[in-house]
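Subject: Structure handover

Hello,

Here is the structure for you to look over. My notes follow below it.

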Amino acid sequence: MNGRRLCMSGLRPTRLLAVFLAADQALEIRSELRRIGGGSGSFRRRVALAVTTIAAAIVCTPASLARSIDSPQSAPAEPSRQPLVVEQKGPEDQGTVAPTLPPNTEPANFEGIWKSDHVRPLVQAALGTTGPLVTVEGTQPPYTAEGQNIFWHRMLMEQRGTPVANTAALYLPSIPLNSLSLDLEPFTILQTNTQVLVLWEDGTAWQIYLNKPQPRNLKPTYRGHSVGLWEGATLVVDSTGFNTRTWLDSHGSPHSGDLRFITRISKINHGRQLEFLTTFDDPRYYREPFTVRRTATWRPDLHLLEVEIENTRDENNEGMVYEDGEQPPRPAAKRSPGEN
Amino acid sequence: MKSTVAAMILLLFALPAMSHHSTTAYDHSKTIVLTGTVKEFQWTNPHSWVQLIVPDGQGNTTEWSIETGAPNLNIRHGWSRNTLKPGDKVTLTIYPHRDGGPHGSLAFAKLTDGRVLDGAADFIPKDNAKELGAPSSAPPAPDAGSRATPTTPKP
Amino acid sequence: MRTENNRRAPLPSDRRVRTSMNDLGYLVLAVLLVGPLAAHADVDLTGLWRLQSSFQHEIKTTEGRTPPLLPAAAETYRKNLAKSAAGDFSFDKSQTLCTSPGMPRLVMLPYPFEIVQEPHRLAFVFQWNHRFRLVDLGGAPPIVDDLSYRGTASGHWEGDVLVVQTRGLVDTSLLDAGGMPHSEDLQITERYHLENGGRTLVSELTFEDPKTFTRPWKTVVTYRKLPPGTELDEDVCRERLAKGLPAFELDKWK
């Protein structure tokens with residue numbers, strides 16, 4: 001048992017337990033020393049124990065956890081004692097900040113602040129775009145006839161200047177995965193041994209529950225229900241249980257209540273990027289499963305700001321067309337029978 | 001293949017992300033320069049707004065409603081909630097509304113201290129738009145005769 | 001077989017037993033030595049929590065009194081309370097538009113919230129309208145990029161107590177459903193600790209806002225832990241408004 005690995009992993013044992021294990025190692029060392037050498041076993045024993053105990057205490061305190069993470073270019077080994085210096089990237093930075101999250105190239109630790117890699121020219125569509133879904137083969141999704149009709153209708157309505165309202169336009173939630181496409185601002189990931197939590201500035205929270213099965217009879221929701229399993233350093237996420245008010249992209253790719261998708265998340269590019277490979281399955285609108293790729297870049301220099309809808313001027317909805325039973329958003333009446 | 005190419009041409013002009021209203025409401029093919037006094041600066045989501053009192057040089061004034069970006073976008077383009085205050089004089093370069101009325105979408109703001117700030121109203125900041133490889137403005141209005149009925153792809 | 005001291009020679013099994021006892025002793029010693037260094041390490045607030053103390057429509061101090069408002073703020077509060085009593089909540093965007101109710105209302109609603117705790121950060125995920133707030137535990141001075149409803153929060157441990165300081169709160173939020181105002185200078189300090197074998201979370205909140213109150217004041221709320229494995233439900237406030245239901249369904253949580 002490696003006490004240090006336990007400190008680092010998501011298992012979060014108490015630090016006392018980690019020390020216990022480290023001390024246990026000390027005793028192993030002591031036994032070894034006794035076997036190898038003669039002399040004063042008692043002295044050697046004490047030295048070994050003292051050294052290991054102190055080392056364990058150091059290893060398992062928070063400051064050390066911060067420092068004992070590999071520098072990007074080296075193989076996992078020496079703790080880096082230099083804070084990561086991030087060069088300013090341009091007008092989108094909001095000033096010089098000390099990174100509050102330490103460098104992290106642990107393969108199975110996605111903690112940090114990330115920014116979706118944004119729109120690329122369509123000739124590089126397979127590398128990931130925002131906007132309409134494009135598969136990793138660089139093609140449109142394999143719509144069924146029904147799916148294609150819906151998609152083209154919505155696309156053309158937008159072209160004509162009368163877009164069909166989607167949930168974002170209605171200030172309603174979207175499928176969390178789609179925030180990678182819809183939201184070009186930074187997002188953040190926290191993780192424990194029971195959950196991986198992805199948070200975006202508008203309040204979208206993708207809660208990926210670890211090591212539990214998908215419940216049966218999920219009540220359909222905007223955000224669906226996601227469960228994840230680690231396969232080595234790849235997080236494999238199964239998502240289903242979606243209601244039918246959302247779209248698969250901002251342009252109108254439809255989905256049914258049977259939508260299910262698997263997202264494989266892993267670090268690439270020496271831990272500087274996250275790759276999301278999502279295979280969508282929805283036989284009503286897509287002839288076969290298809291895979292879409294998104295990536296995000298690690299940006300510890302950025303902070304999450306806040307998006308709170310509070311100014312719903314009518315201009316926001318200008319030209320909007322409401323279909324499928326949707327209504328324009330309206331503020332609440334000023335008087336309500338309900339308790340506030 | 002043909003449908004893919006056709007789709008790609010169509011998509012080239014598509015505006016991604018949370019277009020919660022049609023930006024074709026604003027005419028991106030021309031700009032108007034307005035100089036006036038700020039009546040109100042609404043630093044809000046989903047959009048910020050500048051209510052600008054613009055004199056017509058003949059003793060009359062008109063109040064213009066100019067849409068600009070959400071705060072999280074504006075901040076990343078050098079704005080703060082205090083950039084404009086009631087009473088400030090400012091020059092706004094705007095894309096006017098197609099209906100010709102006193103409203104528009106902000107292209108650039110020139111402050112009295114000389115700073116020029118991006119309007120960021122069209123959601124795709126100008127530096128991102130270059131990467132798009134597409135014009136940062138809205139697509140041209142479709143022909144009056146275009147059909148809404150899509151063609152059925154081959155199975 | 002006996003030695004010259006008339007004590008039998010140690011058998012291999014004896015040696016192992018004595019070795020084991022020595023081992024245990026050293027382990028206990030190690031634990032005791034390191035224990036104080038790891039004082040707060042075991043405190044984990046992760047889990048789902050639900051308000052246990054009563055919901056405060058009008059926020060009160062620990063002594064049960066109305067907080068010490070300055071005259072102008074007291075006047076605004078009086079007006080809002082009167083409207084609220086008449087069923088008019090037009091002064092409160094969280095009720096008319098589902099805008100975040102901000103702090104401290106987010107942690108004083110009867111809706112569950114989930115704490116996800118990591119060494120460097122802690123997140124509160126609120127069931128109400130899927131809001132969240134992040135608390136930075138890294139120790140760097142907090143940078144307020146812009147005023148916000150959730151504020152900018154930084155925290156540190158004092159023994160077993162998590163101390164969270166929040167500032168940068170936009171002044172368009174209210175401190176309670178009755179409409180208590182605050183300024184941009186408001187700073188809220190929350191002190192969290194566990195009781196009852198980890199089943200109860202106690203929070204003492206201190207409010208400092210010299211533009212609104214004559215002096216700092218405190219209130220206390222308690223939460224009970226929901227069973228492990230409970231998940232937050234989806235809550236979409238705007239759907240309620242569309243149906244003519246209130247933004248906050250308090251009856252549901254009685």
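Start with chain B. In this predicted model, residues 24 or more positions apart make up 54% of the chain B contacts with a separation of 6 or more. The chain has 155 residues, and 37% of them count as buried. Its secondary structure comes to three helices and six strands. Along the sequence these run α-β-β-β-α-β-β-β-α.

Now chain A. This chain has 340 residues, of which 41% count as buried. Six helices and nine strands form its secondary structure. Among chain A contacts with a separation of 6 or more, 57% join residues 24 or more positions apart.

Next, confidence in chain A. The mean pLDDT there is 74. Residues at 70 or more make up 63% of the chain. Two stretches deserve a look. Across residues 60-99 of chain A, pLDDT is below 50. That stretch still has 61 contacts in the model beyond near neighbours in sequence. Residues 119-130 of chain A also have pLDDT below 50. Here the model has 33 contacts beyond near neighbours in sequence.

Which stretch of chain A has 61 contacts beyond near neighbours in sequence, with pLDDT below 50? Residues 60-99.

Best wishes

Notes. Residues numbered from 1 in each chain as written. Chains lettered and ligands numbered in written order. Predicted model: local features only at pLDDT ≥ 70, side-chain atom pairs only at ≥ 80, totals over all residues. Helix = DSSP H or I, 4+ residues; strand = E, 2+ residues; numbered from the N terminus. Buried ≥ 20, exposed ≤ 12 C-beta atoms within 10 Å, placed from the backbone. Contact = placed C-beta atoms within 7 Å. pLDDT = per-residue confidence, 0-100.
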